[in-house]
Amino acid sequence: MALNGRGFEFHRNLPRIGVILVVSIIALSYGLYFLFQDTAENDIKQRLFEQERQQLLDANKAISQNIISDLDSILTKLKVIAVSPFIQEGEDTQAWDRSEPLVQEMYDETKELVGKTDGMFVIDKSGIIRVNALTEEEQKRQNTFVGTNISHREYVNQVKTTHEPVFSTGLFSLDGVYRMFIAYPILNGETNEYMGLVSASIPTVDFFSRFGNVYDVQSQYLIALDRNANHLTHGNRELVGTNFFEETTQNSSKSSAAFNDLVDRVLASESGYTVYNSAEGERLATAYPVSVYGEQPPSYAVLITTTTSQIYSQIENILLGQRIETFALLGIITIAVILFTVFLFKWNSSLNAEVKRRTKELNESNRYLSEANERLKVNDKMQKEFINIAAHEL
């Protein structure tokens with residue numbers, strides 16, 4: 001079976017067509033990959049960043065709720081003391097002395113349940129400390145503040161004026177430690193007359209360290225503020241006790257308008273987030289108010305701040321896995337195309353061998369026909385010569 005001219009030409013050009021096809025498929029595959037890679041990765045980064053931001057907001061909310069729970073537990077212990085018969089029966093020295101075991105018991109329970117509470121006091125209406133619960137170590141040192149007048153403290157006067165529980169702003173205590181105080185009024189059960197208050201002191205840095213990093217600004221860390229925007233804790237310990245809007249703090253956040261706005265909003269009882277530039281680089285900050293009884297504005301606010309590079313490094317690890325999967329897919333496609341091309345070349349070689357075999361057979365047939373034709377011509381010539389001779393002889 002012979003191939004016509006067009007069929008023969010197609011099979012002759014088949015290797016060239018195969019190479020062009022392979023190159024085109026591979027170039028198209030990789031071209032499309034690199035074309036859409038940036039768009040796809042940016043989309044993935046955005047979605048993963050939003051997921052991380054939401055996780056931080058959820059974590060921030062959980063921390064706020066845990067802080068509220070701890071503060072409420074302390075306040076409950078103070079209430080137990082304030083309404084106890086020992087406190088209610090009078091303001092003489094013997095009454096204060098009889099209340100001391102109960103105060104010590106509530107203090108011990110508070111330290112066991114909440115921890116980080118380093119003092120519990122009963123203060124009379126004149127602002128003088130009458131009972132001071134102590135740790136075992138303080139008892140050995142007899143490190144007591146009994147008899148100290150703290151009537152100048154804002155939270156003491158606030159309780160005396162409002163007859164309501166008070167969560168103080170941050171302040172430096174008599175021993176120089178930055179603390180916040182929870183105070184509960186002691187009111188006469190019959191006359192509702194103000195008799196004093198029960199108070200618990202909380203070292204701010206130690207307390208908030210239970211909920212996250214408060215020591216390293218190079219990674220994710222907590223910032224806690226009181227209602228006046230004073231730092232209760234900060235990754236930079238030098239900022240503890242300073243006001244957020246002071247120059248020192250503003251320098252660390254590069255006076256970021258976005259960050260300042262977030263602080264204003266959270267101190268107005270609104271949670272939120274922002275991305276801002278700081279001395280440590282670009283950061284993501286989330287914020288949540290801490291309001292024990294839903295008071296407005298909230299007593300405290302807690303923020304989580306994270307470097308965006310830390311977030312993006314986690315995203316890059318995910319994208320690396322995605323890139324490996326994509327390249328593996330492209331590699332499989334490339335191998336499949338190469339195998340298909342090898343198959344084409346082998347098929348073409350087989351066809352070429354068949355064409356050559358058929359051509360050789362055709363050439364052999366043509367040669368045999370030519371030789372037979374020559375023999376016929378000779379025989380015909382000899383036959384004509386014989387006829388001519390016979391006719392002449394006749």
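1. Rings of Phe, Tyr and Trp (for Trp, its six-membered ring) are taken to pair if their centres lie within 6.5 Å, and planes under 30 degrees apart count as stacked, over 60 as edge-to-face and the rest as tilted. Under this rule, ring pairs join F244, F245, F259 and Y276 into a cluster, and the count of aromatic pairs comes to 7.

2. This is a predicted model, in which local features need pLDDT of at least 70 and side-chain atom pairs count only at pLDDT 80 or more, while totals for chains, interfaces and linings use all residues. Residues are numbered from 1 along each chain as its sequence is written, and side-chain values use heavy atoms, with hydrogens and water left out.

3. On the overall make-up, the protein chain has 9 helices and 11 strands, where helices (H or I, at least four residues) and strands (E, at least two) are DSSP runs numbered from the N terminus. Of its 394 residues, 40% count as buried; buried means under 20% relative accessible area, exposed over 50%, and partly exposed in between, with a 1.4 Å probe and protein chains only. Among the contacts (heavy atoms within 4.5 Å) with a separation of 6 or more, 56% are accounted for by residues 24 or more positions apart.

4. F244 and F245 form an edge-to-face pair, at 4.9 Å centre to centre and with 90° between the planes. F244 counts as buried because its relative accessibility is 2%, whereas F245, at 37%, counts as partly exposed. F244 also forms an edge-to-face pair with F259, here at 5.3 Å centre to centre and with 80° between the planes. This pair links distant parts of the chain, since F244 sits in the loop between strand 8 (231-233) and helix 7, and F259 in helix 8 (residues 257-267), 15 residues apart. F259 has a relative accessibility of 4% and therefore counts as buried.

5. A nonpolar core is a set of buried Ala, Val, Leu, Ile, Met, Phe, Trp, Tyr and Cys residues joined through side-chain atoms within 4.5 Å. The largest such core has 48 residues, and those with the most contacts inside it are I67, L71, L78, I81, M120, F207 and F208. Helix 1 (residues 5-82) supplies the largest share of this core, 11 residues. Leaving aside residues up to four places away in sequence, I81 touches I87, L102, V103, M106, M120, V122 and V198. A second, separate core of 16 residues includes Y221, A229, L262 and V266.

6. A cavity is a set of points, on a 1 Å grid over the protein atoms alone, where a 1.4 Å probe fits but cannot get out, and its lining residues have an atom within 4 Å of a point. Grid points are joined across faces, edges and corners, and a volume is the space filled by probe spheres set on the points. The largest cavity has a volume of about 90 Å³. It is lined by 14 residues, of which Y221, H234, S252, S253 and Y276 lie nearest its centre. The elements giving two or more residues to this lining are strand 7 (221-226), helix 7 (247-252) and strand 9 (272-278). By class, the lining has 6 nonpolar, 7 polar and 1 charged residues, where Ala, Val, Leu, Ile, Met, Phe, Trp, Tyr, Cys and Pro count as nonpolar, Asp, Glu, Lys and Arg as charged, and the others, Gly among them, as polar.

7. A cis peptide bond joins Q296 and P297, with omega about -5°, and P297 lies in the loop between strand 10 (281-290) and strand 11 (300-307). A229, in the loop between strand 7 and strand 8, has a positive phi near 70° although the residue is not glycine; A229 is buried because its relative accessible area is 2%. S255, in the loop between helix 7 and helix 8, likewise is not a glycine and has a positive phi of about 50°, but S255 is partly exposed because its relative accessible area is 43%.

8. A last point concerns A27, which is found in helix 1 and counts as partly exposed because its relative accessibility is 48%. The C-alpha atoms of A27 and T334 are separated by 9.9 Å, although these residues are 307 residues apart along the chain.

Notes: On a 1 Å grid over the protein atoms alone, a cavity is a set of points where a 1.4 Å probe fits but cannot get out, and a pocket is an open set with protein on both sides within 12 Å along at least five of seven lines; lining residues have an atom within 4 Å of a point.
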